[in-house]
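Hello,

Here is the structure I promised to pass on. Please open it first, then read my notes below.

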Amino acid sequence: HTVAINFARALAGVMTGAFLLLFVVDYIVAVALVRFVGHQSQQWDDVETRLKIEGWFGTIPRAMYTLFQVMTLTNWVEVSETIESKIPILILFFPVYVIVSSWT
């Protein structure tokens, strides 16, 4: 009984730390992406694509949600290909982000 309680406490501490680390990393990355991608949406000529970019990276909460989708590999191909079409330097960012975020 005591072992189970101590295990649960330890697990809660580890999960809390991992969640906080992921949140801080996502917040920092979201701020950068809003600034360098979301605020540069006028680079895309197509209005539909511009609206997608603003929907993905227009605000910090939206960027954090998009990063969560990228981390879980839900929508990462469309997001990365769309972004990389105008900002090719980010071709390295998305695979590295998926690898780093999967560690937490």
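First, a definition: a residue is buried under 20% relative accessible area, exposed over 50%, and partly exposed in between (1.4 Å probe, protein chains only). By that rule L73 is partly exposed, because its relative accessible area is 46%.

Two notes on reading the model. It is a predicted model, so local features need pLDDT of at least 70 and side-chain atom pairs count only at pLDDT 80 or more, while totals for chains, interfaces and linings use all residues. Residues are numbered from 1 along each chain as its sequence is written, and side-chain values use heavy atoms, with hydrogens and water left out.

**L73**

Stay with L73 for a moment. It sits in the loop between helix 3 and helix 4. Helices here are DSSP runs (H or I, at least four residues), numbered from the N terminus. L73 is not a glycine, yet its phi is positive, about 65°.

**Helix 2 against helix 3**

Helix 2 covers residues 47-57 and helix 3 covers residues 60-71. Their axes are 5 Å apart, and the packing angle is about 90°. Axes are lines fitted to C-alpha atoms over the stretch in contact, and angles run from 0 to 180 degrees between N-to-C directions. Angles of 65 to 115 degrees count as roughly perpendicular (under 35 is roughly parallel, over 145 roughly antiparallel, the rest oblique). Helix 2 and helix 3 are therefore roughly perpendicular.

Which residues in helix 2 and helix 3 meet? Helix 2 brings E54, G55, W56 and F57, and helix 3 brings R62, A63 and T66.

**Salt bridges**

How many salt bridges are found in the whole structure? The search finds 2. The term means a side-chain nitrogen of Lys or Arg within 4 Å of a carboxyl oxygen of Asp or Glu.

One joins D45 and K86, with the closest N and O atoms 4.0 Å apart. D45 is in the loop between helix 1 (2-36) and helix 2, and K86 is in the loop between helix 4 (76-84) and helix 5 (93-103), so the pair ties together parts 41 residues apart in sequence. D45 counts as exposed because its relative accessibility is 65%. K86, at 37%, counts as partly exposed.

E78 and K52 form a salt bridge too, with the closest N and O atoms 2.6 Å apart. E78 is partly exposed at 31% relative accessibility. K52 is partly exposed, with a relative accessible area of 31%.

**Two buried residues**

T49 lies in helix 2. It counts as buried, at 18% relative accessibility. Its side chain makes a polar contact of 3.0 Å with the side chain of D46. A polar contact is a pair of N or O atoms within 3.5 Å; within protein, one must be able to donate a hydrogen and the other to accept it, and residues adjacent in sequence count only if both atoms are side-chain atoms. Leaving aside neighbours within four places in sequence, T49 touches W44 and T82.

S101 lies in helix 5. It is buried, at 5% relative accessible area. A polar atom of its side chain lies 2.8 Å from the backbone oxygen of Y97. The backbone oxygen of V98 lies 3.3 Å from a polar atom of that S101 side chain. Leaving aside neighbours within four places in sequence, S101 is in contact with L22 and M71.

Best wishes

Notes: Contact means heavy atoms within 4.5 Å.
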